[in-house]
Amino acid sequence: MSQTTNGGANSLVIEGVDAGYGSVRALEDVSLRVDTGETVALLGTNGNGKSTVMKCILGLVRPTKGRIVATIDGVAHDLIGKTTEAIVDLGIALVPEGRRLFPKLTVEENLMLGAFRPKARASIKTNLDFCYTTFSRLAERRQQLAGSMSGGEQQMLALGRALMLSPRILLVDEPSVGLAPILVSRTIDAIKELKDQFKLTVLMAEQNFHQAIRIADRGYVIVHGHIAYEGASATDLNNNDIIRQLYLGT
Ligand SMILES: Nc1ncnc2c1ncn2[C@@H]1O[C@H](COP(=O)(O)OP(=O)(O)O)[C@@H](O)[C@H]1O
Ligand SMILES: [Mg+2]
């Protein structure tokens, strides 16, 4: 399949980024990297800047300082100053927080809308088949309106839609939000499965620490817009005091 033949490096480097909304400073001196084939977790509770990092990568928020470089199939691209469309065209897909589906369109229509990246158009059929094979529930429900599906099904659809872009780098913003615990596990498992199948490089923002580190190779903790801790492995994160304070209240 075309989407599994990713040659070359696909990585992301963020260096010294400041960003905000008007006078609200949301990120300060944020640096992080995701190497080829890694799953990196960006961990933090509400309002600490996770989504803003995602928005900076996609050009939806403009950093006032710093660099963001994505390497796609071995070619480095400076993302700052590029339009969101150009960034997506490179092969960077975001599964946004809250999923942002088109509720009045069917499952299949939502998937087809994901395939607007020119390079993905050639592989629409393969990608659609792949989505339906991976998420059999989507195949059964292809004519159902997206808005009438359960939260877990909608999250699968949001992941499927991102895959229709044939991405190299997948950004997933808080996939667990609003899902029952059993569906959170399934969603996290699905991200791991997709990453393996598509050989993706994944940056996942999560508040749900224990679920995120099940599939993350390593991670960062963001507190008040600042990287407070960089964990070299899931074990390292698990044994850290900052995490205990943030997540376990001890
Ligand atoms: N559109 C916006 N306008 C003003 N402030 C915002 C906006 N979006 C986010 N913020 C602020 O930026 C900070 C980081 O928010 P966000 O990146 O959404 O955090 P997280 O995703 O970790 O919950 C918060 O203080 C939030 O209130
Ligand atoms: Mg968020």
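In helix H1 (50-57), Lys50, Ser51, Thr52, Val53, Met54, Lys55, Cys56 and Ile57 are buried. A residue is buried if 20 or more other C-beta atoms lie within 10 Å of its own, exposed if 12 or fewer, and partly exposed in between, with C-beta atoms placed from the backbone. Helices (H or I, at least four residues) and strands (E, at least two) are DSSP runs, numbered from the N terminus. This is a predicted model, in which local features need pLDDT of at least 70, side-chain atom pairs count only at pLDDT 80 or more, and totals for chains, interfaces and linings use all residues. Residues are numbered from 1 along each chain as its sequence is written, while chains are lettered from A and ligands numbered from 1 in the order in which they are written.

**Helix H1**
- H1 is mostly covered, since eight of its eight residues are buried.
- Gly59, which follows H1, has a positive phi near 75°.

**The surroundings of ligand 1**
- Ligand 1 is surrounded by Tyr21, Val24, Ala26, Gly44, Asn46, Gly47, Asn48, Gly49, Lys50, Ser51 and Thr52; a residue is near a molecule or strand if its C-beta atom, placed from the backbone, lies within 6 Å of it.
- H1 gives the most to the shell around ligand 1, namely three residues.
- By class, the shell around ligand 1 contains three nonpolar, seven polar and one charged residues.
- Ala, Val, Leu, Ile, Met, Phe, Trp, Tyr, Cys and Pro count as nonpolar, Asp, Glu, Lys and Arg as charged, and the others, Gly among them, as polar.

- Asp29 is not a glycine, yet its phi is positive, at about 50°.
- Asp29 is found in strand E2, and it counts as partly exposed because it has 13 C-beta neighbours inside 10 Å.
- Ser166 likewise is not a glycine and has a positive phi of about 50°.
- Ser166 lies in the loop between helix H7 (151-163) and strand E7 (169-173), and it is buried because 23 other C-beta atoms lie within 10 Å.

**Strand pairing**
- Strand E3 (residues 39-43) pairs with strand E9 (residues 218-223) in the parallel sense over four bridges; two strands pair if DSSP finds at least two bridges between them.
- Arg218 in E9 is the bridge partner of Val40.
- E9 also pairs with strand E10 (residues 226-231), in the antiparallel sense and over five bridges.
- Ile222 stands opposite Ile227 in E10.
- The hairpin of E9 and E10 has two residues between the strands, and in it His224 takes a positive phi near 50°.
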